[in-house]
Amino acid sequence: MSKVSIAIPDGFILGAAASAWQTEGWSGKKSGQDSYLDLWYKNHRHVWHNGYGPAKATDFYHRYKEDVALMKASGLTHYRTSINWSRFFTDYELGRVDEEYAAYIDSYLDEMKRQGIEPMLCLEHYELPAYLIEKYDGWSSKKVVELFVLYAEKVFARFAGKVSRWFTFNEPVVVQTRVYLDAIRWPFEQNTGKWMQWNHHKVLATAKVVELFRRRGYDSHGSIGVILNPEVTYARSSAPHDRQAAHLYDLFYNRVFLDPMIKGEYPQELLDLLQKHDVHFDYSEQELAVIRNNTVDEVGINLYYPHRVKAPSRGWNKETPFHPAFYYEHFELPGRRMNTSRGWEIYPKIVYDMAMRIKTEYGNIPWFIAENGMGIENEGRFRDAASGEIQDDYRIEFVAEHLYWALKAREEGANCGGYMLWAFTDNVSPMNAFKNRYGLIEIDLDDNRNRHQKKSSHWFKSLSESGVLSLTLDDEDK
Ligand code: BG6
């Protein structure tokens, strides 16, 4: 083990992220303004840990002033959240803006400006309006692509003067993978064709919003990107069958968005395999041209854990509809380092490996770590008896190690522009709710959701002020 110090370059983002639905709560929400998450919570509430969900969340809606002051106290340069599409309109088809909700966004953006924190906004972090699911089957429909572009147009018209970094989606692959591919979330419909249709329509919607952003000239003082969650995928062994499993896992879950959004094209191998397995989705040459001509300016990448796979050990049941798992099985590395609360392996070098991949395979497009973090169950057990403060040294170590690999990759020419922690405060996770705590700031559910800085908040502040990361590393990690 040895001590290492590495400089944080000027302009490097040191921020934290969250989303609208995971923080704001339902205050002020009008009837007819449910999102996909609200529907899931209302229809299948018993799976949400201790019954907590989006209804109250962290009550950011009322407490944003306090929270922005805590952003400042934690040394954040940037804060990313989303606008809640389902709450932004009172009529999604006519694009009638909910003035009360828009005024709330204006106020927290103004407050951030006052405190010198730069906002980064996503247009969707799973907040697809329930109305569009019920009427159009959500992203199955091209009408929803059109309505998303209308939404983007209205949002840019209002807030482009206050926000310069925009993103279409956060983790666009997630909802349809859990709901239509794995069928493990409400409404439990296994439908691989629908999964691919939703993927395609989100790719297309991004390209159309990019086109709009540039056509209206917002690119003269801003950028438009997307937040993706490609999982750094490692094969169990160097044997060809395991490497092929990793290659195909990457193709179905990572390149399905990385390639069209950055390079402007779906991998031909993906299209061929979907065809081979009778997975059909509706796309046209004209749509592919829109995708080709409107790739994103930058990508935010959410990185939490490595994904390890091996070749399948058993044959596929012919009666089972095609699922990419036809080609792989998950693999658990013996002796792996774990965050047992979340069940995720810890392997900080994923950051470096992703950085090098973006450099060599994706033209070194500007990117940043848009989420990385550690959710810990029963975090109260780490509270210091005298001060009452949570001593989250494990989080400090986790952040330091991941940030180290980002800075090291940058020294080797990677175009990584920053690090954002998930999350700024503890907040509501899909289904796990407040079970695993992620924040620099504790939310005390037993005491009126009062906020308290954790040890990591002070550490983040000193990191940000000093511009130097110091940590202890295993010699083989340097
Ligand atoms: C990301 C999402 O996948 O991971 C967040 O963008 C989410 O919305 C975060 O909360 C942490 O994962 P989880 O499942 O523990 O909430």
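Predicted model: local features only at pLDDT ≥ 70, side-chain atom pairs only at ≥ 80, totals over all residues.
Residues are numbered from 1 along each chain as its sequence is written. Local features need pLDDT of at least 70, side-chain atom pairs count only at pLDDT 80 or more, totals for chains, interfaces and linings use all residues, and side-chain values use heavy atoms, without hydrogens and water.

A search of the whole structure finds 52 aromatic pairs. Rings of Phe, Tyr and Trp (its six-membered ring) pair if their centres lie within 6.5 Å; planes under 30 degrees apart count as stacked, over 60 as edge-to-face and the rest as tilted. The ring centres of F213 and Y218 are 5.7 Å apart and the planes meet at 45°, so this pair is tilted. F213 counts as buried, at 1% relative accessibility. Y218 is also buried, at 16%. Buried means under 20% relative accessible area (1.4 Å probe, protein chains only). One aromatic cluster includes W85, F88, F89 and Y92. Among its other members are W139 and F169.

Two lysines place a charge over the ring of W26. This requires NZ of Lys or CZ of Arg within 6 Å of the ring centre and within 35 degrees of the ring normal. The charged end of K29 is 4.4 Å from the centre. For K42 the distance is 5.3 Å.

The ligand is surrounded by 14 residues (a heavy atom within 4 Å). The closest are H125, E171, R342, S429 and Y438. A ligand oxygen lies 2.8 Å from a side-chain N or O atom of H125. For E171, the distance from a side-chain N or O atom to a ligand oxygen is 2.8 Å. A polar side-chain atom of Y438 is 2.5 Å from an oxygen of the ligand.

How values were computed: Buried < 20%, exposed > 50% of the residue type's maximum accessible area, 1.4 Å probe, protein only. Polar contact = N/O pair within 3.5 Å; in protein donor to acceptor, adjacent residues only side chain to side chain.
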